[in-house]
Amino acid sequence: MNSREDSHNHKHSHGHSHNHGKNANKQALKLSFFIIAIYMIIEAIGGVMTNSLALISDAGHMLSDAGALGLSYLAMTFGERKATEFKTFGYKRFEVLAAFINGLTLIIISLYIFWESYKRFSQPPEVQSSGMIIIASIGLVVNIIAAYILMKGDKSENLNVRSAFLHVIGDLLGSVGAIIAALLIMFFGWSLADPIASVLVAILIIISAFRVTRDSINILLEGAPSHIDVTQVREALIAINNTLEVHDLHIWAISSDIPSLSCHIVVNDLKSSSMVMNSAKEILEKQFKIKHTTIQIDTPETKCDIEEH
């Protein structure tokens with residue numbers, strides 16, 4: 001007879017720290033949203049007044065940032081809703097959808113900047129460099145503050161916070177590029193510096209966009225998290241005493257910070273099932289940081305013949 005155990009329950013201390021991290025992330029996103037949204041309006045007006053594509057492009061990116069940060073905040077809030085009979089995992093995957101939308105938005109913004117830069121290469125317009133450098137310098141300070149706020153969030157674990165952080169870093173680099181372009185125009189009269197700075201920023205933006213979009217697609221397709229080696233997991237489980245085989249092994253992520261695993265472990269004697277189960281859970285939690293597991297214990301006589309793909 002098969003023995004099943006689902007180790008979904010976390011320790012209270014872990015749950016408390018996890019909730020604290022969630023709240024810190026939400027507050028970081030909320031505060032950054034207001035900072036970016038307010039300055040975005042100022043930079044857009046300044047870009048039009050100085051006729052600077054670098055500033056206008058950065059303002060467009062900041063508009064995307066404001067939307068991304070707001071969407072990320074709503075996603076985390078929405079993701080905290082409790083599970084239902086129809087949505088047994090709750091709404092945690094909504095965070096991944098938000099990160100996916102953020103990535104696509106970044107790609108669209110960068111393509112727009114490329115197009116506008118191309119038009120300015122043939123006919124560089126006159127740019128008011130003094131006003132441009134003042135606005136870009138203020139933007140740099142604003143983005144540094146927003147980046148610092150988001151750095152205090154758990155961006156290494158949460159894809160949504162990381163995507164928002166990359167948005168802000170793109171803005172920060174945009175401000176640096178605008179400052180350099182303004183200095184080149186001011187001292188050397190090199191008008192091409194404006195579209196060149198825009199292109200460089202667009203390249204950095206599209207690289208970040210690719211990474212965020214790729215990671216979110218991997219989660220949506222239930223691929224194994226990039227930091228977990230499936231082969232190593234399998235070998236660690238097979239190495240447990242009295243274990244004959246590990247099959248039907250699946251590793252995926254419910255959201256960016258909740259890796260999950262399910263598998264069948266074949267043992268030589270059901271008397272050892274509890275020992276094997278406890279060892280498997282301990283290995284998965286300590287070595288691979290996987291706490292959300294569903295493990296079925298089989299014997300050679302009762303194992304399921306499931307073809308793995």
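The following paragraphs describe the fold of a predicted protein model and several of its residues in turn.

The model is predicted, so local features are reported only at pLDDT of at least 70 and side-chain atom pairs only at pLDDT 80 or more, whereas totals for chains, interfaces and linings draw on all residues. Residues are numbered from 1 along each chain as its sequence is written, and side-chain values rest on heavy atoms, with hydrogens and water left out.

The secondary structure of the protein consists of eight helices and four strands, where helices (H or I, at least four residues) and strands (E, at least two) are DSSP runs numbered from the N terminus. Read from the N terminus, the order of the elements is β-α-α-α-α-α-α-α-β-β-α-β. Of the 309 residues in the protein, 47% are buried, a residue being called buried under 20% relative accessible area, exposed over 50% and partly exposed in between (1.4 Å probe, protein chains only). When contacts (heavy atoms within 4.5 Å) are taken between residues at least 6 apart in sequence, 75% of them join residues at least 24 apart.

Strand β2 (residues 243-253) pairs with β3 in the antiparallel sense over eight bridges, and the two form a hairpin with five residues between them. Strand β3 (residues 259-267) is in turn joined to β4 by seven bridges, and these two strands run parallel. His264 of β3 takes part in both pairings, as the bridge partner of His247 and as the residue opposite Gln296 in β4. Together with helix α8 (residues 273-288), β3 and β4 make a right-handed β-α-β unit; right-handed here describes a crossover in which, with the strands pointing away from the viewer, the path from the first strand over the helix to the second runs clockwise. As to burial, β2 is mostly covered, with eight of its eleven residues buried, and strand β4 (residues 292-298) is largely enclosed by the rest of the structure, because six of its seven residues are buried.

Two residues in this part of the chain were examined for their backbone angles. Most residues other than glycine have a negative phi. Asp248, however, has a positive phi near 50° although it is not glycine; Asp248 is placed in strand β2 and is buried, with a relative accessible area of 14%. Lys289, likewise not a glycine, has a positive phi of about 60°, but Lys289 lies in the loop between α8 and β4 and, at 54% relative accessibility, counts as exposed.

Within the helical part, Ser175 is located in helix α5 (residues 159-188) and counts as buried because its relative accessibility is 1%. The side chain of Ser175 makes a polar contact of 3.2 Å with the side chain of Asn143, a polar contact being a pair of N or O atoms within 3.5 Å in which, within protein, one atom must be able to donate a hydrogen and the other to accept it, and for which residues adjacent in sequence count only if both atoms are side-chain atoms. Leaving aside residues up to four places away in sequence, Ser175 touches Asp58, Ala136, Gly139, Leu140 and Asn143. Ile35, found in helix α1 (residues 12-50), is partly exposed at a relative accessible area of 23%, and with the same exclusion Ile35 touches Val142, Ile145 and Ile149.

A search of the whole structure finds two aromatic pairs, in which the rings of Phe, Tyr and Trp (its six-membered ring) have centres within 6.5 Å, with planes under 30 degrees apart counted as stacked, over 60 as edge-to-face and the rest as tilted. Phe33 and Phe34 form an edge-to-face pair, 5.3 Å centre to centre with 65° between the planes; Phe33 is partly exposed at 26%, as is Phe34 at 45%. The rings of Trp115 and Tyr118 are stacked, because their centres are 5.9 Å apart and their planes at 25°. Trp115 and Tyr118 are three residues apart in helix α3 (residues 94-122) and are therefore separated by about one helical turn. Trp115 is partly exposed, with a relative accessible area of 48%, whereas Tyr118 is exposed, at 57%.

Methods
Pairing = 2+ DSSP bridges.
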